[in-house]
Each structure stands twice: as structure tokens, then as C-alpha cells.
Amino acid sequence: AETEFIVYGTTEADAKLTISGQEVKVLPDGTFSVRYHLPEGNTELAITAVSESKGLSKEIKYKIIKENQDGK
């Protein structure tokens, strides 16, 4: 079965948002949404938002394991 991981949320409208080092577009209202295909095995995603106007930053890390029922 194919698997997707959807990351969505809200941040400051002026925030620079990256997921695993790749910049993500933040809409004027501060919302964002990204879909990722998950391969077999381990996947790590680091989400970082930095607001220039407020001088705030936040990072969230996900570790995702996708295995077949037989453990492979």
C-alpha cells in the first residue's frame, strides 16, 4: 500500500518555514500544507518556522517508520 504523510498547520504569516531543509510556501493567512510520499523504512522530518517580525522560532521533529506486516 502506498502511504502519504500530510503536514499542515498555521504559523506567523511572515514566517520562513522549512521541512527537512526545503522551504515551504506559507499563505498570507499563515497556513500551509504539504504532502509527502512515505517510502518503506525510516523517515525523519524536521519542521522549522522562524518569524522575522516577532523573533520567534519553533522546531518539531517527526520519526516515521513504515514496515510491511512481515517486518521488512
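Predicted model: local features only at pLDDT ≥ 70, side-chain atom pairs only at ≥ 80, totals over all residues.

User: How do you know which kinds of secondary structure the chain contains?

Analyst: A run counts as a strand if it has at least two residues, and by that assignment the chain holds 0 helices and 6 strands, which gives the pattern β-β-β-β-β-β along the sequence.

User: What makes the chain more spread out than a compact globule?

Analyst: The globule rule gives 11 Å for 72 residues, whereas the radius of gyration of the chain is 14 Å, well over that value, and therefore the chain is more spread out than a compact globule. The C-alpha atoms fill a box of roughly 50 × 20 × 15 Å along the principal axes.

User: What makes strand 2 and strand 5 a pair?

Analyst: Pairing requires at least two bridges between two strands, and 5 bridges join strand 2 (residues 15-19) to strand 5 (residues 41-51), so these antiparallel strands count as a pair. Within them, Thr18 stands opposite Thr48 in strand 5.

User: Why are strand 3 and strand 6 said to stand at the edges?

Analyst: The open sheet has 4 strands in the order 3-2-5-6, with antiparallel pairing. Strand 3 (22-24) and strand 6 (56-66) each have a single partner strand, so one side of each is left without a neighbour in the sheet. Neighbouring strands of this sheet are turned by 25 degrees against each other on average, direction ignored.

User: How much of the chain is called buried?

Analyst: A residue is buried if its relative accessible area is under 20%, and buried residues make up 28% of the 72 residues in the chain.

Note on methods:
Residues numbered from 1 in each chain as written. Heavy atoms only, no water. Axes fitted to C-alpha atoms, helices over the stretch in contact; angles between N-to-C directions. Rg over C-alpha atoms; globule rule 2.2 N^0.38 Å. Buried < 20%, exposed > 50% of the residue type's maximum accessible area, 1.4 Å probe, protein only.
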